[in-house]
Amino acid sequence: MTAPSPAVPSSREAPPGELLVCHSCLLLKGPVPGRTDGARQFCDCTPGEVRRAQSRWGGDFNTYAELCRCCGLVLLRSGSRFSIWFCMQWLEAIKALNRSAGRSLVPIGRHSFMNGVGASAAQLRTESGARALAEQFAYLLGKERSLEGWARTIVQRNLTELGLDIEQDARLADYLDAVSGSALSPRAAFEALLSAAADRSLAKLSFKPLMPARG
Ligand SMILES: [Zn+2]
Ligand SMILES: [Zn+2]
């Protein structure tokens, strides 16, 4: 595995507009940049029925952008079921980790195909094939949940390191500005994620909310 450069990538794949980092669930929320039709990205604190009632404003689902699920330092476009969850700096290293493990210790995106899990017609014709497939999906789901916990933990850790008030929503633009002038390192986040994934304790790093989420 070659060592990627430790610098925070300077290019932002998506303008942050007036999006906020929710202090409660650590996901992004707010008006979608560049839209004048009232399209909003909802965080986990918005009740499920409100989220489900929102009409589709683009892509496969209503998410404009997300922070990298490894370092939380880079804003990535989202909304496609094939959207990648990591900044390019570490993507190849995460793929290499998964290849060496022979399965997706760290899933790279939502779609099961992106993580090497998919059903063939032949596999579904036998009971053992269907059972193996179900086991692969359950494994992948568990890893996705663990990674989601990590993604929130790292954003909360970054907010604290940057000296931002973790009891209030932060403007995403302010957060990203603070990141670019900081010593926060994607490498440190990657190494922590890597060691957690390698010793199968990713779940131990799960996000513990500071206060119960509303709704
Ligand atoms: Zn929230
Ligand atoms: Zn990253």
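These legends go with close-up views of a predicted model of a protein.

**View 1**
Follow the sequence and the elements come in the order β-β-β-α-β-β-α-α-α-β-α-α. The protein has 215 residues, and 29% of them count as buried. Take the contacts between residues at least 6 apart in sequence: 54% of them join residues at least 24 apart.

Over residues 1–12 the pLDDT is below 50. Beyond near neighbours in sequence, that stretch has 18 contacts in the model. Residues 203–215 also have a pLDDT under 50. For residues 203–215 the model has 23 contacts beyond four places in sequence.

**View 1. Four strands make an open sheet.**
Their order is β3-β2-β1-β6, and the pairing is antiparallel. The edge strands are β3 (40–41) and β6, each pairing on one side only. Strands of a sheet pair through backbone hydrogen bonds, either parallel or antiparallel. Strand β2 covers residues 28–31 and is joined to β3 by two bridges. Find Gly30: its bridge partner in β3 is Gln41.

**View 2. A hairpin links β1 and β2.**
These two strands pair in the antiparallel sense over two bridges. Val21 stands opposite Leu28, which belongs to β2. Six residues lie between the strands of the hairpin. Leu26 takes a positive phi near 70° in this hairpin.

**View 3. The largest nonpolar core has 42 residues.**
Which residues have the most contacts inside the core? They are Val21, Leu28, Cys68, Cys70, Cys71 and Leu193. Several elements give two or more residues to this core: β1 (20–21), β4 (65–67), α2, α4 (127–161), α5 (172–180) and α6 (186–198). Helix α4 gives the most, with six residues.

**View 4. Leu28 touches residues from several parts of the sequence, among them Leu19, Gln41, Ala65 and Leu172.**
Leu20, Val21, Cys43 and Glu66 are also on its list of contacts. That list leaves out residues up to four places away in sequence. Leu28 is also one of the residues with the most contacts inside the largest nonpolar core.

**View 5. Helix α2 runs over residues 88–101.**
How far apart should the ends of this helix be? At 1.5 Å a residue, its 14 residues should span 20 Å. The end C-alpha atoms are 20 Å apart, so the model agrees. Gln89, Trp90 and Ile94 are buried in α2. Seen down the axis, the buried residues fall within an arc of 85°, so they line one face of the helix. The face turned away from that buried side carries Ala96 and Arg99, which are exposed. Just after the helix comes Gly102, with a positive phi of about 80°.

**View 6. Gln168 sits in the loop between α4 and β6 (170–171).**
Is Gln168 buried or exposed? Gln168 counts as exposed because it has 10 C-beta neighbours inside 10 Å, and the cut-off for exposed is 12 or fewer. Now look for Ser24. Gln168 and Ser24 are 144 residues apart in sequence. In space, C-alpha to C-alpha, Gln168 and Ser24 are 8.2 Å apart.

Note on methods: Residues numbered from 1 in each chain as written. Chains lettered and ligands numbered in written order. Predicted model: local features only at pLDDT ≥ 70, side-chain atom pairs only at ≥ 80, totals over all residues. Buried ≥ 20, exposed ≤ 12 C-beta atoms within 10 Å, placed from the backbone. Contact = placed C-beta atoms within 7 Å. Expected span 1.5 Å × (residues − 1). Arc of directions from axis to C-beta. Core = buried A, V, L, I, M, F, W, Y, C linked by C-beta atoms within 7 Å. Pairing = 2+ DSSP bridges. pLDDT = per-residue confidence, 0-100.
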